[in-house]
Amino acid sequence: MHHPLWEERDYFVNSKAHSAPGFYAALATAGYIDTKEIKTLRKLGSRLQGHPVRYSERQKDHSFPGIEYSGGSEGIGLSVSIGIALAKKRDGQKNRVYTLIGDGESNEGQIWEAAMAASKFKLDNLVAILDRNKIQQDGFTEEIMPLDPVRDKWAAFNWNVVEVNGHKIEQIIDALSRVERVEDKPSIIIANTTKGKGIKHMANNPQWHGKAPPKKHVPILLEELQSEILIAPSIIAGEPENYEEKVRRAERAGADLIHLDIMDGKFVPTTSFFADTIKHLRKISSIPFDAHLMIEKPINHVEDYIDAGCDIITVHVEACSEAEFVEINKMILKAGISPGIAINPGTQFPSWIIEHLDNIDIMIIMSVNPGFAGQKFIPDTLDKMAEIVKTLKSNNYKGFIEADGGIDAATLQQVFDAGARIMVAGNAVYGSPDINSNIIQLRHKANVAIETKLLELATINDMRSDWIKSRKNMLIPLAKELSIEEDLHAIK
Ligand code: DX5
Ligand code: ZN
């Protein structure tokens, strides 16, 4: 992003150019333009045109460096990418070319001409990413022009095919590094996605293709986007050890993270497992690992957890000084991992943390005294959590609040209302054999918590029935828990 015209850069071609708003938002987040410029989208004289314009000196008023391709008509971007990849390969240059294509766009014959050409020229420096959301224009792809079996199609065109959950960044990163090692073949990453994910009544609903929601709903929708709840099963709970099986079952049951409680028998009275165990678990799963270090002198050990493949590493404020925390934080950030800090129930929130909020992604506010799973939730920690969240918000904290200790179907909504978005669950997940339905039950409670909050917001903004109407289908199953039977009846 500092040198967008650098000769040796990799190229990103957004062939599904109608996704321009998302594309510009990604480029702004990456620093290619100031985020303020996003507001000029599609305005006369803006560099952010409705469909992106390839940057050149001549087009500098309608584009900006970083845009490699003028998109519009569908089905062309892959061919342009082949041109770039072939030229670079013939010139002996190492640039790689990445192309985002759509599944509706794949109705275009040119996509398949390009597919043949890319494998003919053995373009192993070319990676296509298929945004497989199964929706195009005003309907579902499989009704309009069936694309499946899409995997087999690309394999038959002699491409290397990888399939991922397009909403799991760790799977995308893993796939991108794997295809880099493929030789003599172009690769395609089929990213299974849900269009409109994050807003329940718009998700996977063709009627929202290319359509903006009513302006008055925006505050509630933004709240919903901030309200996503992540479930992190804690594998020390339940039967002793058997960590591999616990990780596999949690991943299959749709957990978002795995919570790893590292206990050294000194900072807390019990001992659990260490970096070597995590290294082993890392080989069997790509799910993000959320390491909670309950150890003394974490500064002496943090490198081991970085090497073990953790995605988040949280240390206790009680186990390190500010200076040590700063050192630990630097090491974790340098490794591209998310740093966190944890606070015990009896510990006052130390003001020095405010200084470092920009470098903290996770704040664990313990709701039990650390050391064991299966303990009772300490209700007093709720007010403390709400207090800390207020302080953090007023200091522009952008990270997550993680609730840890005694989180279950009864306490989840309370910590959600207090501000937590990552829910560690030990006993609630592994305390009884059916892990699948345990996680489903927590998700259900999470859903009720979110819908309750959004309903409150709609009521405050005087649009309760309008909101219930627009969201009717997903609220009906929750009518009793949300006490909206009368509202639903009234809008019939
Ligand atoms: C306690 C740990 C927690 C614990 C959670 O020290 O940090 O992560 O394992 O287990 P439950 O949900 O059973 O309290
Ligand atoms: Zn924990």
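**Exercise 1. How are the donor residues of the zinc ion (ligand 2) spaced in sequence?**

Before we start: this is a predicted model, in which local features need pLDDT of at least 70 and side-chain atom pairs count only at pLDDT 80 or more, while totals for chains, interfaces and linings use all residues. Residues are numbered from 1 along each chain as its sequence is written, ligands are numbered from 1 in the order in which they are written, and side-chain values use heavy atoms, with hydrogens and water left out.

*Step 1.* Find the donors (N, O and S atoms within 2.8 Å of the metal, or 3.2 Å for Na, K and Ca; water is not among the atoms, so sites may look incomplete). They belong to His259 (NE2), Asp261 (OD), His292 (ND1) and Asp404 (OD), at 2.0 to 2.2 Å from the zinc ion (ligand 2).

*Step 2.* Read off the spacing: H-x1-D-x30-H-x111-D.

*Step 3.* Aspartate 261 sits in strand β9 (residues 258–263) and histidine 292 in strand β10 (residues 289–294); the pair is 31 residues apart and links distant parts of the chain.

**Exercise 2. Explain why the arrangement around the zinc ion (ligand 2) is octahedral.**

*Step 1.* Recall the rule: six donors count as octahedral if opposite donors are over 155 degrees apart and all others between 65 and 115.

*Step 2.* Apply it: the arrangement is octahedral because the 6 donor atoms subtend angles of 73 to 172 degrees.

**Exercise 3. Decide whether threonine 193 and glycine 309 are buried, partly exposed or exposed.**

*Step 1.* Note the cut-offs: buried is under 20% relative accessible area, exposed over 50%, and partly exposed in between (1.4 Å probe, protein chains only).

*Step 2.* Threonine 193, in the loop between β7 (187–192) and α7 (218–226), has 18% relative accessibility and so counts as buried.

*Step 3.* Glycine 309, in the loop between α10 (302–307) and β11 (312–316), is at 22% and therefore counts as partly exposed.

*Step 4.* Look at contacts (heavy atoms within 4.5 Å). Leaving aside neighbours within four places in sequence, glycine 309 is in contact with Arg282 and Phe289. Threonine 193, not counting residues up to four places away, touches Asp131, Arg132, Asn133, Gly166 and His167.

Notes: Tetrahedral: all angles 85-135°; square planar, octahedral: opposite > 155°, others 65-115°. Helix = DSSP H or I, 4+ residues; strand = E, 2+ residues; numbered from the N terminus.
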